[in-house]
Amino acid sequence: KSYTRQDVVEINCHGGMLPLRQILDLTLKHGCRLACPGEFTKRAFLNGRLDLAQAEAVIDIIRAKTDSALKISLAQLSGKLSFQINKIRQELLGILVSLEASIDFPEEGIPEQDLTKTSLRLTAIDNQLNALLSSALGGRVLRDGLHAVICGKPNVGKSSLLNALLKKERSIVTPVAGTTRDTIEEVIDIKGIPVRIVDTAGILKPRNLIEQKAVKLARGQMSLADLIIVLFDSSRKLDQKDLKLIKAVKNKKVIAVINKIDLKARIEKDEITKVFPKVVRLAAKSG
């Protein structure tokens with residue numbers, strides 16, 4: 001009945017860290033050892049208490065960052081995913097047994113299989129498997145989150161946008177272009193999805209070794225991102241830096257943001273809207 005299906009001894013003692021430590025040291029002295037990380041779940045799996053999907057759900061529960069991720073992990077631990085997979089497996093085994101029997105033992109009077117019906121059953125199973133695979137992507141997003149990168153040329157308001165999303169001053173904001181040199185990362189919960197937002201250095205032509213490394217780091221984050229939030233300054237016309245950035249990200253999943261709309265507009269909005277279907281206009285600093 002235990003979690004691992006093994007015999008368990010529970011030791012109850014007075015509270016406090018010192019008595020607990022002394023009892024633990026005493027048990028170790030007499031041949032016990034500390035459990036390795038995940039060892040109880042490993043034993044539960046090896047002893048048939050949990051299947052592999054349920055064992056994986058345990059670590060997902062521990063690492064869950066949002067309520068939605070926790071609910072999905074709990075459903076997997078309860079055996080919901082395993083039940084669906086086992087049901088599909090049993091259907092496939094049933095089809096396989098019937099086909100093999102009709103081929104191997106025709107003299108036994110086993111009726112031939114209706115291949116049309118068999119084909120329809122296999123198509124239905126294929127649809128079920130595709131649905132499970134599609135849901136796996138959503139599960140990965142809820143479990144691991146999205147990797148979103150804020151990018152743009154210097155002084156377009158990237159750090160201000162990060163602070164606005166976090167509702168706190170996490171990143172230093174100054175009128176000086178190039179204030180952010182290193183990447184700044186934070187995780188926020190957006191409708192149950194953990195989103196790891198990364199504020200990067202402005203994309204520019206490096207003038208020194210520090211800027212060269214900062215731009216390289218920013219481009220590296222952009223290449224790994226699930227979503228790129230590219231910023232433009234509404235108060236400035238598009239220049240070659242903006243156009244190069246547009247070209248670099250146009251084939252990725254992008255949300256274009258026209259920032260500083262509280263200032264006099266000079267940007268050519270049509271140049272942005274014709275490339276990016278999703279364009280947001282805001283004033284990150286003033287709200």
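Glu 185 and Arg 196 form a salt bridge in this predicted model, with their closest N and O atoms 3.0 Å apart; a salt bridge is defined here as a side-chain nitrogen of Lys or Arg within 4 Å of a carboxyl oxygen of Asp or Glu. Because Glu 185 lies in strand β2 (residues 184–190) and Arg 196 in strand β3 (residues 193–199), the pair ties together parts that are 11 residues apart in sequence. Helices (H or I, at least four residues) and strands (E, at least two) are DSSP runs, numbered from the N terminus. Glu 185 is partly exposed, at a relative accessible area of 33%, and Arg 196 is also partly exposed, at 31%, where buried means under 20% relative accessible area, exposed means over 50%, and partly exposed lies in between (1.4 Å probe, protein chains only).

The model is a predicted one, in which local features need pLDDT of at least 70 and side-chain atom pairs count only at pLDDT 80 or more, whereas totals for chains, interfaces and linings use all residues. Residues are numbered from 1 along each chain as its sequence is written, and side-chain values use heavy atoms, with hydrogens and water left out. The chain averages a pLDDT (the predictor's confidence in each residue, from 0 to 100) of 82, and 92% of the residues score at least 70. Confidence is highest in helix α1 (residues 17–29), with a mean of 91, and lowest in helix α8 (residues 209–224), with a mean of 75. Where pLDDT is low, the predicted coordinates should not be read in detail.

The structure holds 8 salt bridges. One of them joins Asp 242 to Lys 153, with the closest N and O atoms 2.9 Å apart, and this pair links distant parts of the chain, since Asp 242 is in helix α9 and Lys 153 is in the loop between β1 and α7 (158–166), 89 residues apart. Asp 242 is buried, at 2% relative accessibility, and Lys 153 is likewise buried, at 5%. Another salt bridge, with an N to O distance of 3.9 Å, joins the side chains of Asp 25 and Arg 21, which both lie in helix α1 and are 4 residues apart, about one turn of the helix.

When neighbours within four places in sequence are left aside, Ile 272 is in contact (heavy atoms within 4.5 Å) with Phe 232, Leu 238, Ala 256, Ile 258, Ile 267 and Val 279.

Helix α8 contains Ala 218, which is buried, with a relative accessible area of 1%. The C-alpha atoms of Ala 218 and Val 198 are 9.2 Å apart, although the two are 20 residues apart in sequence.
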